[in-house]
Amino acid sequence: MSAYNQNFVPPAAAPANGNQGSSLVNGLPGAVPHQQPPPQAAAAQQYLQQKAQPQLQQQQFQQPPVPYPGSSNNSSQPPPLQFNSNIVNKFLPPSSTSANNGAPPPSTLPSHLRPPTANGPTTLTNGSNGANSAHSSRTASPGLMSVPQQGGAPPMPQNTQYAHGAPPPAALPIQPQSVASLTSNMHQMNLNRTNGQPSANTAPTPQQLQQVPPQQQQQHQQPLANPMTGPFMGNKPPNLNPSASRVIGSPPTGGAQPVPVPASGQRIMYGGTPASNDQQNNNLQRAAPPPGAGTAWPPSLPKAAVPGIPHPMQTQPQAQSAPFAPPQQYQYGQAYQQPLHQPPLPQQQQQQPAPPPGMFGAQTSSAPLQYQAQPPPPSMQPQGQHPYAQPQPTSGPPQLGAPVPLNVAQQGFSRLWGQDTIDLMQNRHILSPATLPAPKVVLHNQFHESINCSPSIMRCTVTKIPETNSLLQKSRLPLGIVIHPFRDVNNLPVIQCINIVRCRLCRTYINPFVYFVDSKMWKCNLCYRVNELPEDFQFDPATKTYGDVTRRPEVRSSTIEFIAPSEYMLRPPQPAMYLFLFDVSIIAQQSGYLEAACSVLNRHLDEMPGDARTQVGFICYDSFVHFYSMAEGLNQPHEMTLLDIDEPFLPRPDSLLVNLKECKELVRDLLKLLPKRFAHTHDPGSALGSALQVAFKLMSSGGRITVFQACLPNKGPGSLEPREDPNNRSAKDVAHLNPATDFYKRFALECSGYQIACDLFLMNQQYSDMATISGISKHSGGCVHHFPLYQKTKQHMVDSFRMCFKRYLTRKIGFEAVMRIRCTRGLQVHTFHGNFFVRSTDLLSLPNVNPDAGYGMQISYEESLTDVKTICFQAALLYTNSEGERRIRVHTVCLPVTSSLPEVMHSADTEAIIGLLSKMAVDRSIASNLSDARDAFINATIDVFNAFKIAQNLPSGQSGQLIAPRSLALMPLYILGLLKHPAFRVGTSTRLDDRVYAMDCMKTLPLDQLMKFVYPELYKIDVLIYHARNSNASTTEEDDEEEPLPEVPRLQLSAEHLDSRSIFLMDCGQLIMLYVGLNVPPDVLEAVLGISSTAELGDYVYGLPHIVSAEYDILQRFLLRLNYDKPYSALVQIIRDTSTAKGQFIERLTDDRSESSLSYYEFLQHIRAQVK
């Protein structure tokens, strides 16, 4: 369409009917000689002039006379407005008595310019053929709101959304005082016609004007609100700078001229100076409307004032043409009505059609029903919304005059600064759809924030440290750190230097958070002592040049590893020494674990960490102890049996531990012979204590002992008796969590003194008293692995054990290690959690350290931190690697100090708190009882919420509310997960060995693995299948790059999210469950599982079959992503809806109620009742 409306007369080509002098601006006639208007127009104009005369006189009295621009005689009065009557008649309602003054008949007008009654019933919207053209100079023919005939209230537009809190206009005025006010009124008109019915904004005829009662005429003369703030502003924000914008049609300020109405096809900028050729627009704005035009004489709609932002008069494309389309929301209309309560939201440049809600992006699909768009639950709503966003009404306009909460702005700014709160009772679906990152530590130093220690290695329970102990007590939060010191780190900087720079007073290693006094002095960030720098510290080993000391790797990385010089060695580094102890009793032989263990060991002998000095040995035991000599000159291993198990000794001093490189063939032969050697024995005895004693004598120089136990030790030293009562497994008072004897603990302490660690693999089929025998690992820095009910006929258990044992053999290892935690002056470590031996107040003895072990420490105050702004924790791990090289790995984390209790509460790290509380609860269960530990969980939660209520000065007695900071919103959910975990649950049958192993995992697992262990991750993988099908259809053979995986929303653990038409995945850490609904489409089953019906699935199915399909490939990629940070790939179990294994899946739905535990919402109600 052209830039101007073809129904107006162009200035350059005016017809020869007396209008040669006409000049149109913005579709309005210019100053031409006055012509006689038609009778209808004259009647309407006479009526309008009578009503406008008092207000015009008042305006002239209030405004001082100024020379009118464009006037030849500098008169303050504008020239009379002259118009073309032919054009005016086009906009008048049709009348059978109107004279023919050259105007075309109504039937020849375009449909968008006809009066509504002339078009007849139609379903067209905003123009002919229902087309919504954003480039058209006119999109509809506006009219006025219909006036009732008998004094009734005027009807309101049907599709009107008023600004929140703004009352609707009772009736639109029918008499503008000027063209400028007419333009403003045009902004308030509804330009749409819906469902074939005339719009409420219909121009009145002169006959209707005469029937308007005087009361309503006075009501119509009320001034309108600013058109830029009305509900029809559109969805584009105007210029929000008050100094650079003026509303079109508003009176000028400061003596400036009025802003002209832009011509058709012409653009202006808010606050810009009008062009010189727009002077006639100013004349038109101050002139009276043409006689007879009334309010049905509209100027052409101006173009957008700012590129990309449509003018309020322009109608937007509708989301859909259905008769019951939802009303459009006008967000920016609220920005002017209530700027203090609701700041505007960023919108796109044009309102897009609202897609139907769904988890697949609301794309049109021919997929089955469960793969089409469905309304997501509240927990799956998109994250990352604007912090000031408020819920918009779903249907209908908001209640007019409804009070707006006074704390809306406060909530917006609180969310912006990370101090927003949430009512847990009203937000039950609190879990984020995506995996939550660790809270960011704000140090007000961009460089320090970027190099701070990774949260995957060290995290504190709060990201802002209270400056005093009393402030910490008020917060009721535990203060401590969780650390994963030997984690596999990519791109770890390793440096070798003659002098390792350390503080002379506290022995802190130089780190990025120290203060350099000058190029030769530095100030310790822990004890604040000023130290000297060695001369070679200015040499940068990375660039091999001398320069600034801040370029050194030690001060540019918070995690660094030093190659220690000889002064850090008390003795030459020990070689890697591995001794394996196998239980070969009849129960062990029936389980068949020995065959799998020897097979994996034989396959990965070459991958075990070590150098040319690596030594290996093997001992088997039942009622006796069996040694194997692999001396030089022997063609096969020689077995020796020790019958005296009460006072064991070594049968020979050498050839029991042999060099792996030199005797590799003998070792392989032995591993092949061992499963057959004891295949037909029927000895029920297990002399574990005797085997450990001779192993200790054999490993006097340090190393690692790996113990495989399949039954309860019942022979020789350390023999045990069954203590578990199978009929009392679900009792509230759990007994026998403490060891039955201290034999194994004393043995572990002796091993720790000789740098020997003991690792335990428990492959039991019956009670084996793990609470007692696991002491060999807890106090020697070892690890525990448990495979209950292991049987060689259960292939999934064999596969799981093989993967675990492979990881155990091939992972890196640190020998004769010690770890020290240093704190800023004023803090100290007072309790340690994990598998180790505490050698001194801050020194941990770790004979072996592995990358899968985590630790926890509780921090206490020695003095106030009032004079410091930041504090630091530094962990230094000194160890010998498998190549015999002494190394020091240093981690340093820096945290700010605050004196504000609300800041402490909002800086809480929920996951770190759960990690520390779980370790503390294990010690509480062993020292006291399990009930005390469970009560401590609940009391800790209540205390924290009470403290937050006091910190925020929240009124007491608010029924139905449980206000929590956003940082602690997940704490009740995770606490409930701990209460329902096998380690701490009651009322559910739990084997004692399983409970003890779960408690051991609580103390030793790194934080990322612990959180999946406490609260598994649940996903609905329909989005993966749908994505695979769409991407497969759009992918060409030339696309070599792998398409990124879609984001799969995380669900809370509740059966309300389950659907019989879908497949769900639950990641429990070392076990991944695929829950298959009964009504999953056959094509999905065929593409993912290679079956046509769920009936083909057995009760216990493990592992995914290999299927050639896009759906199978994307599922495998998703599994790889889940297993990326795990020690080894998790076992996959497939469970159908009617399987007997369904209980394993259902019992992990923590949010639901069970026979012996509360649901999540009931637990919240219990917490709320206790919060006073």
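Tutor: Let's start with a term: buried means under 20% relative accessible area, exposed over 50%, and partly exposed in between (1.4 Å probe, protein chains only). This is a predicted model, where local features need pLDDT of at least 70, side-chain atom pairs count only at pLDDT 80 or more, and totals for chains, interfaces and linings use all residues. Residues are numbered from 1 along each chain as its sequence is written, and side-chain values use heavy atoms, with hydrogens and water left out.

Student: Is Phe562 buried or exposed?

Tutor: Look at its relative accessibility, which is 1%. That is under the 20% cut-off, so Phe562 counts as buried.

Student: How many aromatic pairs does the structure hold?

Tutor: Rings of Phe, Tyr and Trp (its six-membered ring) pair if their centres lie within 6.5 Å; planes under 30 degrees apart count as stacked, over 60 as edge-to-face and the rest as tilted. One of the pairs is Tyr509 with Phe562, stacked at 6.0 Å centre to centre with 25° between the planes. The number of aromatic pairs in the structure is 27.

Student: Which residue lies over the face of Tyr509?

Tutor: A charge sits over a ring if NZ of Lys or CZ of Arg is within 6 Å of the ring centre and within 35 degrees of the ring normal. Tyr509 itself is buried, with a relative accessible area of 4%. At 4.2 Å from its ring centre lies Arg502.

Student: And the charged end of which residue sits over the ring of Phe486?

Tutor: Here the distance to the ring centre is 4.7 Å. The residue is Lys812.
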